[in-house]
Amino acid sequence: MAETRYLIIGGGVAGTTAADTIRKQDATGAITIVSDEPYRFYSRIMISKLHYFLGKVPADQIWLKKEEWYRDNRVNLIAGRTAAKLDTAAKTVILDDGTMLGYDKLLLAIGIRARRWTVPGSDKQGIHYVRTLDDFKGITADVKTARQAVVIGGGAIGFEVCELFQASGLDTTLVIREPHYWDPVLDAGSGQMIEKALEKAGVKIVRGKYVTEAYGGERVEGVILESGEKLPCQIVSVGIGGVCPLDFAKAAGLATNRGLVANEYLETSAPDIWAAGDCAEYQDLIFGERTQFGSWSNAQSQGRTVGANMSGRHEPYRLVTFYAVSGLGLSIAFIGSVAPPGAGRDVVPRGSPEANSYARLLLKDNRIVGATLMNRTADIGPISKLIEKQTDVAGRYSELADTNFDLKSLLS
Amino acid sequence: MAARKIAKVEVKRDLCIGASPCVIAAPGAMELDADNKAVYKLKDGQRLSGPVERALLEDPTVDDDTLLTAAQSCPVKAIYLYDEEGKQIFPE
């Protein structure tokens, strides 16, 4: 059995950043990263970005660490293998090829996987997810011969892929089961801003309908809506959310919910096991509640905290979460807790969809806890700080709503 | 850390996607502007993507390691760092 002081399951941004951080604090302890993808660390963000997709930047730009980095930093990368079994008492992980690895400290940075589409025919060739470098390779190959595309799901991936397909000259139809884009995280006004941008770019939108089947031979030739209507297409992109692959951790007895449950130090329920990145459902110190938030900057920052903590420090993780996507003349940003407003939450609009510049400030107990912003980038900084400082804004709602009011003045 | 000192910094605006890890890594030196692009904060109050002289940065306590970490944190490699001879330090 191979022994390693630090074992990291997951070779993405959280796992690799953790390894980087550990090596800066511990020059000699053996580090092993196990990745279920057959590649070293790459930019998962870049695979759905227009510049990269259209080949306007060199293909090699996707690699965020050189092979030499692993050698120079004595990070042993086991790529293309999955962790199959965890024994928390013996402190061992068994990989899918039977390799057993012993650890002192274990990080689970296992990310999320694209939620599988399960309608009849959903396994046909030409149907793609947008999560991995292999997904990207598959899409770029199929885009060359496709004329018509169907995009399923109204989220960040759907928005980006619609732009990629349109830019590639495909006749593109988006199908969302919700009444408007990104419902219920966005309200109808914000969602319709996205829909307008998509339609202006030439994307056709089918709202409030399910796809019941993908038809064709080995390759997809179209999809069928619940109304029976057929949409012929040679490529389908599916972006219907993500799920954490938790079976491995559950079987070992770790506390799980939607993600791996962790405290503010990113420690899981088992000794010497940490969680970081998209999979971590951690105790958020700002809101005093458990949070799971999938974004590059969140995963990277957690990788730093967890790497420091695994190599001897004891620092809580604290960050106002942030996610942004832009394209087709729209900049969309989410800050903090953007769960749909419910009991005890107020929503203050700032700007308007008609002005093509529209934010929604989400408040609880007179404090801003989150915001969704459409073309209001300049508000990102001040709103993040207002969330972080938990500034009391009682009696200030009309000012918050006034786009001429400088939010920064609330910070002093 | 590279032995060469950073003399000039730049955010390639056409590549920047506003994901903001650079701002988290180097909050004293960088922020997002109204177009959701990363900019450097300069002494004279200007906010520029650059290229700008490192000596013009607003906060003199931001060290080379921090500027490099910010550049390395970018998921689309939009941040470029140059030495005193104008040679590119990062991306390597």
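Analyst: Chain B contains two helices and seven strands, where helices (H or I, at least four residues) and strands (E, at least two) are DSSP runs numbered from the N terminus. Read from the N terminus, the elements of chain B follow the order β-α-β-β-β-β-α-β-β. The radius of gyration of chain B is 12 Å, close to the 12 Å given by the globule rule for 92 residues, so chain B is as compact as a globular protein of that length. This radius is taken over C-alpha atoms, and the globule rule is 2.2 Å times the number of residues to the power 0.38.

This is a predicted model, in which local features need pLDDT of at least 70 and side-chain atom pairs count only at pLDDT 80 or more, whereas totals for chains, interfaces and linings use all residues. Residues are numbered from 1 along each chain as its sequence is written, chains are lettered from A and ligands numbered from 1 in the order in which they are written, and side-chain values use heavy atoms, with hydrogens and water left out.

Along the principal axes, the C-alpha atoms of chain B fill a box of roughly 35 × 30 × 20 Å. Of the 92 residues in chain B, 53% are buried; buried means under 20% relative accessible area, exposed over 50% and partly exposed in between, with a 1.4 Å probe and protein chains only. Among the contacts in chain B with a separation of 6 or more, 52% are between residues 24 or more positions apart, a contact being heavy atoms within 4.5 Å. Chain B exposes about 4,200 Å², with 48% of this supplied by carbon and sulfur atoms. These areas come from the Shrake-Rupley method with a 1.4 Å probe, and for residues only the protein chains shown count as cover. Chain B carries 12 positive and 16 negative charges, whose mean positions are 2 Å apart. Lys and Arg count as positive and Asp and Glu as negative, while His and the chain ends are not counted; each charge is placed at NZ of Lys, CZ of Arg, CG of Asp or CD of Glu.

Chain A provides the context. Its secondary structure comes to 10 helices and 25 strands. A compact globule of 412 residues would have a radius of gyration near 22 Å, and the 22 Å of chain A agrees. The C-alpha trace of chain A spans about 60 × 60 × 40 Å along its principal axes, and 55% of its 412 residues are buried. For contacts in chain A between residues at least 6 apart in sequence, 60% join residues at least 24 apart. The accessible surface of chain A is about 17,100 Å², 48% of it belonging to carbon and sulfur atoms. The mean positions of its 47 positive and 48 negative charges are 3 Å apart.

Over all chains, the whole structure holds 10 aromatic pairs; rings of Phe, Tyr and Trp (its six-membered ring) pair if their centres lie within 6.5 Å, with planes under 30 degrees apart counted as stacked, over 60 as edge-to-face and the rest as tilted. One of them joins Y42(A) and W63(A) edge-to-face, at 6.4 Å centre to centre and 85° between the planes. Y42(A) lies in the loop between β2 (31-35) and α2 (50-53) of chain A and W63(A) in the loop between α2 and α3 (67-72), so the pair ties together parts that are 21 residues apart in sequence. Y42(A) and W63(A) are both buried, and together with Y39(A) they form one aromatic cluster.

Within chain A, helix α4 (residues 133-143) has L133(A), D135(A), F136(A), I139(A), T140(A), D142(A) and V143(A) as its buried residues. The cover over these residues includes α2, β8 (127-129), α5 (156-167) and β15 (235-238) of chain A. Helix α5 of chain A holds V161(A), which counts as buried at 3% relative accessibility. Apart from neighbours within four places in sequence, V161(A) is in contact with V130(A), V151(A) and S237(A).

By contrast, E226(A) counts as partly exposed at 46% relative accessibility. E226(A) is placed in the loop between β13 (220-225) and β14 (230-232) of chain A. Not counting residues up to four places away in sequence, E226(A) touches G208(A), K209(A), Y210(A) and T212(A). The C-alpha atoms of E226(A) and V211(A) are separated by 6.0 Å, although these residues are 15 apart along the chain.
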